[in-house]
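Please look over the sequence and the model below before reading on.

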Amino acid sequence: MEATCNGSKDSSPVFYLVGIPSLLESLFLLVFLIFLLISLLILVGNELILVSVVAEPSLHKPMYFFLINLSALDILSTTTTVPKMLSLFLFGDQYLSFSACFLQMYLFHGLNCSEAFILVVMAYDCYVAICYPLYYPVLMTPQTNAALAASAWLTAFLLSIPAVLQTFHMAFDNTVHICHCFCDHLAVVQASCSDTTSQTFMGFCITMVVSFLPLFLVLLSYAHILASVLRISSREGCSKAFSACSSHLLVVGTYYSSIAVGYVAYRADLPLDFHIMGNVVHAILTPVLNALINMLRNKDVKAVITKITCPQDPWHSGDP
């Protein structure tokens, strides 16, 4: 680690999270309660999905295997960033050690990249199920599913390493002011004293790989799915095919819409607060919407969750 500027090479920098600069202190408690409610919805919703899929044998299918991967990613991503944000707004706990900041940065970006790749795998699963239904059991075996999911996780975490390592060797003051609610990569880079040109270029390349390439693959899968569905003569068949993919399409739309909000907030000539909130929206709004979409739009998951949370009264379940 290089620690020059006004700092010392003998001590690690300490990171100070500014939070939302223009937010009045009187509103901190309200923001804390909003973030707490959203995080509870994320955790409870995704845990219900996990329990439902594991407990119900009829859901032991490839699409639900990938769904629990998505739920696990949302839980881990939320627990990586939200606890510190809650502590920041409730207790004013704004300091993070050097190692804690970089660990949070690495985990957050690695988990978000994993989500992009899992969405691609889910699109591929829909593509095989609709376009090659007879070959589906052969192509989507449990071993293949596990390999696809593991590849998505591993590739994402490997892709995040170069940017984090390069940032690790940048120069920082002893106290680094991060204009964010958590250690986002770009916010940490901007707080450095070093030249950020190479980091900006690397960030652009990684963004292209983990955002636009997965989006292209998802769109390509759905282009083939649409072409296949249009060849189905019966209206009922078309309806069933679209219904099978509707939840995934909504999740994809939510994920990339939140990325677009963050990108526009960064690129447009907007106040810093809009940039920060754009990233916060991506960090917490996407997981909660994923949970709500999969609980409310997926009929099979919804039925199992209803059975678990609202068991039928045995006195009224049978004949009198």
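How do the residues of the lining of the largest cavity divide into nonpolar, polar and charged?

## The cavity

The model is a predicted one, and the residues that line its largest cavity divide into 3 nonpolar, 4 polar and 2 charged. A search of the whole structure finds 1 cavity of 30 Å³ or more, and the volume of the largest cavity is about 40 Å³.

The lining consists of Asp-74, Ser-77, Asn-112, Glu-115, Tyr-255, His-282, Ala-283, Thr-286 and Pro-287. Helix 2, helix 3 and helix 9 are the elements that give two or more residues to this lining, and the largest share, 4 residues, comes from helix 9.

## Overall layout

The protein has 11 helices and 3 strands, and along the sequence they follow the pattern β-α-α-β-α-α-α-β-α-α-α-α-α-α. Of its 320 residues, 44% are buried. Among contacts with a separation of 6 or more, 81% are between residues 24 or more positions apart.

In soluble globular proteins, nonpolar side chains tend to be buried together. In this model the largest nonpolar core has 47 residues, and those with the most contacts inside it are Ile-49, Leu-70, Ile-118, Leu-119, Tyr-222 and Ile-225. The elements giving two or more residues to this core include helix 1 (28-55), helix 2 (62-91), helix 3 (98-131) and helix 7 (197-230), and helix 3 gives the most, with 15 residues.

Leaving aside its neighbours within four places in sequence, Ile-49 is in contact with Leu-67, Ile-68, Ser-71, Ala-291, Asn-294, Met-295, Val-301 and Ile-305.

Helix 3 is mostly covered, with 26 of its 34 residues buried. At 1.5 Å a residue, these 34 residues should span 50 Å, and the end C-alpha atoms of helix 3 are 50 Å apart, which agrees with that expectation.

Apart from its neighbours within four places in sequence, Ser-114 is in contact with Leu-73, Ala-152, Trp-153, Ala-156 and Phe-157.

## Asn-290 in helix 9

Asn-290 lies in helix 9, the element that gives the largest share of the cavity lining. Because its relative accessibility is 0%, Asn-290 counts as buried. Leaving aside its neighbours within four places in sequence, Asn-290 is in contact with Leu-70, Asp-74, Glu-115, Val-251 and Thr-254.

## Leu-96 in a strand

The place of Leu-96 is in strand 2, residues 95-97. With a relative accessibility of 13%, Leu-96 counts as buried. Leaving aside its neighbours within four places in sequence, Leu-96 is in contact with Val-14, Phe-15, Leu-17, Lys-84, Cys-101, Gln-104 and Cys-183. The C-alpha atoms of Leu-96 and Val-176 are separated by 9.8 Å, and these two residues are 80 residues apart along the chain.

Notes. Residues are numbered from 1 along each chain as its sequence is written. This is a predicted model: local features need pLDDT of at least 70, side-chain atom pairs count only at pLDDT 80 or more; totals for chains, interfaces and linings use all residues. Side-chain values use heavy atoms; hydrogens and water are left out. A nonpolar core is a set of buried Ala, Val, Leu, Ile, Met, Phe, Trp, Tyr and Cys residues joined through side-chain atoms within 4.5 Å. Buried means under 20% relative accessible area, exposed over 50%, partly exposed in between (1.4 Å probe, protein chains only). Contact means heavy atoms within 4.5 Å. On a 1 Å grid over the protein atoms alone, a cavity is a set of points where a 1.4 Å probe fits but cannot get out, and a pocket is an open set with protein on both sides within 12 Å along at least five of seven lines; lining residues have an atom within 4 Å of a point. Grid points are joined across faces, edges and corners, and a volume is the space filled by probe spheres set on the points. Ala, Val, Leu, Ile, Met, Phe, Trp, Tyr, Cys and Pro count as nonpolar, Asp, Glu, Lys and Arg as charged, and the others, Gly among them, as polar. The expected span of a helix is 1.5 Å times one less than its number of residues.
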